[in-house]
Amino acid sequence: MAEMGSKGVTAGKIASNVQKKLTRAQEKVLQKLGKADETKDEQFEQCVQNFNKQLTEGTRLQKDLRTYLASVKAMHEASKKLNECLQEVYEPEWPGRDEANKIAENNDLLWMDYHQKLVDQALLTMDTYLGQFPDIKSRIAKRGRKLVDYDSARHHYESLQTAKKKDEAKIAKAEEELIKAQKVFEEMNVDLQEELPSLWNSRVGFYVNTFQSIAGLEENFHKEMSKLNQNLNDVLVSLEKQHGSNTFTVKAQPSDDAPAKGNKSPSPPPDGSPVANPEIRVNHEPEPASGATPGGTIPKSPSQSSLPAVVVETFPATVNGTVEGSSGVGRLDMPPGFMFKVQAQHDYTATDTDELQLKAGDVVLVIPFQNPEEQDEGWLMGVKESDWNQHKELDKCRGVFPENFTERVQ
């Protein structure tokens, strides 16, 4: 019996809820058609608009904060990899190795601490702030439904009172339902009328606290990171002093207010490279008959009569970038004025907009300068073969490069 009673109560509630939904739907239709008036509260509607705006802004802030945290984590990983690389290349006998390793450990700990404090002092606070919105949003929706119930009860009571044949029992019951609906609505309405303005005003303090926390944490992080970077710099300065003769000089980048560029001085390639000491190729050939001196051979002196002649291979001479005795034409797939090819033996980082960026192995097609007076000693004009094959446009691809970083291949 208890079970049946329980089922009966449940069935009754279901039927009641269905009836409420039907009544509300009918009331809303009548209101939209203008056949029934609707209770309006412009002040409350403004509060709801503020609430929705506050929720949207808070949700966006939460999303952006999570993106920021993800970026911090990514930077942590990148910094960790970079320090690991330093530890690998830092040879055991170099001074400061232990200090460099300790700095790398502290760097890793500092990133971890920064990320965790951002989570604790910003993200969790953000989550708590937004955690109150779903309940209030649900109550706003429920208040709207109770307002429709109140309007429906009011209209039903008014229709019974204005009927030609009045049924006092029905009127009394309708009045009782009206009072009950009004009471439920007003209780919810009063609470929300107090909470919504308070929540709206709280946004200022929340934003201030959140961004102050982030700014303070970031400031402290960069201060501590600056100290670590200074310590690492000191270690590297000590290493440089011990191995100063092998220091690699980086060519300075020109600034916008720098004086006009004069003659270029090509950077020296690494010691011991083929282009650092240009190769002189010689061929030993049999002595020519009857003392003749063929073109390109070195004449023998009397003291060298027993030695074979030495033949020196020579390349076409160039004057201001132009091959003597050659028009530079007739090569169908080459740029106009093409003279010869060179291959980069080392990477070269361009330091100006008119220079070519080279990687070891790049093939460059050498061409003459448009204005021979612009050619500086030790520099050539050319276009990378890969760029020429792709674009066939000199204006976009050509540039100057240091000759001593390359070797002639054709």
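**The sheet and its strands**

Modeller: Strand β6 is largely enclosed by the rest of the structure, because four of its five residues are buried. Please keep in mind that this is a predicted model.

Biologist: How many helices and how many strands does the protein have?

Modeller: The protein has 410 residues, of which 30% count as buried. Its secondary structure comes to seven helices and nine strands.

Biologist: Which residue of β7 stands opposite Val-364?

Modeller: Opposite positions can be followed across the sheet: Gln-343 faces Glu-407 in β9, and Lys-341 faces Leu-365 in β6. For Val-364, the residue opposite in β7 is Lys-384.

Biologist: Is Thr-349 buried, exposed or partly exposed?

Modeller: Thr-349 belongs to the loop between β5 and β6. A residue counts as buried under 20% relative accessible area and as exposed over 50%. With a value of 49%, Thr-349 is therefore partly exposed.

Biologist: Which residues does Thr-349 touch, leaving aside those up to four places away in sequence?

Modeller: Thr-349 and Lys-359 are 10 residues apart in sequence, and their C-alpha atoms are 8.4 Å apart. The residues that Thr-349 touches, with that exclusion, are Glu-355 and Gln-357.

**Aromatic rings**

Biologist: How is the pair of Phe-51 and Phe-133 classed?

Modeller: The model contains 10 aromatic pairs. In the pair of Phe-51 and Phe-133, the ring centres are 5.3 Å apart and the planes stand at 35°. Stacked pairs have planes under 30 degrees apart and edge-to-face pairs over 60, with the rest counted as tilted. The class of this pair is tilted.

Biologist: How many residues apart in sequence are the parts that this pair ties together?

Modeller: Phe-51 and Phe-133 are both buried. Phe-51 lies in helix α2, residues 42–89, and Phe-133 in helix α4, residues 133–161, so the parts tied together are separated in sequence by 82 residues.

Biologist: Why is the pair of Tyr-150 and Phe-185 classed as it is?

Modeller: Tyr-150 and Phe-185 are both buried. Tyr-150 is in helix α4 and Phe-185 in helix α5, residues 168–242, so this pair ties together parts 35 residues apart in sequence. The ring centres are 6.1 Å apart and the planes stand at 10°, so the pair is stacked.

Biologist: Which residues form one aromatic cluster with Phe-51?

Modeller: Phe-133, already seen as the partner of Phe-51 in a tilted pair, is one of the members.

Biologist: Over which ring does the charged end of Arg-408 sit?

Modeller: Arg-143 lies over the face of Phe-44, at 3.6 Å from the ring centre. For Arg-408, the distance to the ring centre is 4.1 Å, and the ring is that of Phe-340.

How values were computed. Residues are numbered from 1 along each chain as its sequence is written. This is a predicted model: local features need pLDDT of at least 70, side-chain atom pairs count only at pLDDT 80 or more; totals for chains, interfaces and linings use all residues. Side-chain values use heavy atoms; hydrogens and water are left out. Two strands pair if DSSP finds at least two bridges between them. Helices (H or I, at least four residues) and strands (E, at least two) are DSSP runs, numbered from the N terminus. Rings of Phe, Tyr and Trp (its six-membered ring) pair if their centres lie within 6.5 Å; planes under 30 degrees apart count as stacked, over 60 as edge-to-face and the rest as tilted. Buried means under 20% relative accessible area, exposed over 50%, partly exposed in between (1.4 Å probe, protein chains only). A charge sits over a ring if NZ of Lys or CZ of Arg is within 6 Å of the ring centre and within 35 degrees of the ring normal. Contact means heavy atoms within 4.5 Å.
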